Amino acid sequence: MGKTLMKGNEAIGEAAIKAGCRYFFGYPITPQNEIPAYLARRLPKENGVFLQAESEVSAINMVYGASGAGARVMTSSSSPGISLKTEGISYIAGAQLPCVIVNIVRGGPGLGGIQPAQSDYFQAVKGGGHGDYRVVVLAPSTVQELVDLTMDAFEIADYYRNPVMILGDGILGQMMEPVEFKPLNKRDSKEKTWATTGMKDREQNVINSLHMDPEGLENHNIDLQEKYAEITDKEAKSESYKTEDADIVITAYGTTSRICRTAIDQLREEGIKVGMIRPITLWPFPADAFEDVIDSASKFLTVEMSLGQMVEDVKLAVDGRKPVEFYGRTGGMIPSVEEVKEKVKELVGGEK
Amino acid sequence: MVKVWEKPESLTDKVMHYCPGCTHGIIHKITAEVMDELGIRDKTIGVAPVGCSVLAYNYFNCDMQQAAHGRAPAVATGIKRVNPDNAVFTYQGDGDLASIGAAEIVHAAARGEKITTVFVNNAIYGMTGGQMAPTSLEKQVTTTSPYGRDLDHAGHPIKVSEMLSTLPGAVYIERVSVHDVPHILKAKKAIKKAFEYQLEGKGFTLVEVLSTCPTNWGIDPVESLDWLKDNMLPYYPLGNFRSPEKEGK
């Protein structure tokens, strides 16, 4: 199959269809509006359903119902909209339902702005909603990865019966790049025998997150934690770039990782040994990747379009063994290659 | 001995947790009887609300989903859109439907979502301990309207059936009561009609059932039936507000 030039948001929509998603419930918010618009055009032609809900709250609960009924289903939004969806995400995680949630992040807090940001990291990877739950968070950095990870997201969601979030940003959503739709990387997921499709010849199925007995709820949470441990063990994913001999190891994801990659190439030309660990899964956080470089690197630098959120997970991974520095812009401001280079040089200089 | 009546198959054997004199049990039973009579138990998916009837999934013997507070119509929408051949109903109280879930019910009705809502109105929050509901009557004393509901301060009780019947997507809206046997039979008929219209694909259907809450009203079960009759019926008149026949659909 050849390559097609596609806008990031539209590529997500097509990837969802290629992954077998036939149901989308959403509510308009910038900068992700091309996703629902694309699916509004495409899904009816695939015998699917696009429905614009009256609110984000309603949209995520439609996702809950549709997923409980056994469907592959997706919703998408941007930061303030995801805040509204967190109630539903907690319920979906509690009821162990698979679904894909796309967050094309913009600056916050509050109404914030409409420019790209990475300031929803905490909300995405630490929960956001109430309770001891986790959402698998995937962080694409190219339009091709938007496609590949969106398709994977449905397989991961079904396999673990867990919500999966695609954490992009306004730049990725709006940029155009050539993409190729590869065959779905199918997992051996169990049949959805738990879905509410009508009893027919079986016992009643109940989709629920209520456990009135505290011991029962504790046990449910312990079961969830076992699942999360398995996900952490099997699904953590990252890419290492020029880290073999790196003195300074940058950590950056998504759009920021592209800026850092250019900075690294330029710094290398100047003889500065710098590399990057790019987390592809933000939860589970790819802590193991840090073990490979913990002895050789002298310093770590985290670069984000936030004022320091992922830096906490990097510090946990490094566990006090090496200094971890931070550089970030926020509010829709994007760190420039020059700024990253300057920060790295400051760190190198600081060592002398 | 001749058995003249039996528990509907669409109810499980579980003992209900409802307070003595609460009419949820009756409403569950007639809803289940309707499912039996229409022979749809195997294809019905119910959505339980938050509130006193949160455990409805333990009592209805069909596939069930439990929804977040007020979101049952959205959850039902998701289910119905995936499985248009299923019968899908939500069972909601007045706090759930008329307060926190007002947007969800209005828009499910506006879309003509092919679901049935059994809306239980007892003019108070039951499970959380008797707070003022959007349906609490003027001067009604609750824990959060201790001097009686003051319309100037708390606004007016919402007439859900009247409000929703302004929406073209709502094809069948009827208000019934369960304070005596003739009314219970009428209530059952209305719920049956609502399910039938849903199965015919006509649009959104809702039956508002006036119900009692002896515990939080602070009066005994028998007096509660009278209280409903004397206080709720004048403000919440029974009757059909919208039906396909009336609209010529």
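This is a short tour of a two-chain model, one selection at a time.

**Before you click**

What you have open is a predicted model, where local features need pLDDT of at least 70, side-chain atom pairs count only at pLDDT 80 or more, and totals for chains, interfaces and linings use all residues. Residues are numbered from 1 along each chain as its sequence is written, chains are lettered from A and ligands numbered from 1 in the order in which they are written, and side-chain values use heavy atoms, with hydrogens and water left out.

**Stop 1: select chain A**

Colour chain A by secondary structure and you'll find twelve helices and 15 strands. Helices here are DSSP runs of H or I with at least four residues, strands are runs of E with at least two, and both are numbered from the N terminus. The C-alpha trace spans about 75 × 50 × 40 Å along its principal axes. How does the radius of gyration of chain A fit a compact globule? A compact globule of 352 residues would have a value near 20 Å, and chain A agrees with its 20 Å. (That radius is taken over C-alpha atoms, and the globule rule is 2.2 Å times the number of residues to the power 0.38.)

In chain A, 58% of the 352 residues count as buried. Buried means under 20% relative accessible area, exposed means over 50%, and partly exposed is in between, using a 1.4 Å probe and protein chains only. Now think about contacts, meaning heavy atoms within 4.5 Å. Of those in chain A between residues at least 6 apart in sequence, 79% join residues at least 24 apart.

**Stop 2: zoom in on β8 of chain A**

Select residues 176–179 of chain A, which make up strand β8. In a regular strand, side chains alternate between the two faces of the sheet. Which residues of β8(A) are on the covered face, and which on the uncovered one? Glu177(A) and Val179(A) are on the covered face, while Met176(A) and Pro178(A) are on the uncovered one.

Two strands count as paired if DSSP finds at least two bridges between them. Look for Leu5(A): its bridge partner in β8(A) is Pro178(A).

**Stop 3: select chain B**

Chain B has eleven helices and seven strands. Its radius of gyration is 17 Å, close to the 18 Å that the globule rule gives for 249 residues, so chain B is as compact as a globular protein of that length. The C-alpha trace of chain B spans about 50 × 50 × 30 Å along its principal axes, and 58% of the 249 residues count as buried.

**Stop 4: find Ala190(B)**

Show helix α8 of chain B, residues 181–199, and pick out Ala190(B). Is Ala190(B) buried or exposed? It is buried, with a relative accessible area of 2%. Leaving aside neighbours within four places in sequence, Ala190(B) is in contact with Tyr172(B), Glu174(B), Val176(B) and Val207(B). Now draw a C-alpha to C-alpha distance from Ala190(B) to Leu151(B): they are 31 Å apart in space and 39 residues apart in sequence.

**Stop 5: a sheet with strands from both chains**

Finally, show both chains and follow an open sheet of eight strands with mixed pairing, in the order β9(A)-β2(B)-β1(B)-β3(B)-β4(B)-β6(B)-β5(B)-β7(B). The edge strands, each pairing on one side only, are β9 (206–207) of chain A and β7 (239–242) of chain B. Zoom in where β9(A) runs parallel to strand β2 of chain B (residues 63–66), joined by two bridges. There, Ile207(A) has Gln65(B) as its bridge partner in β2(B).
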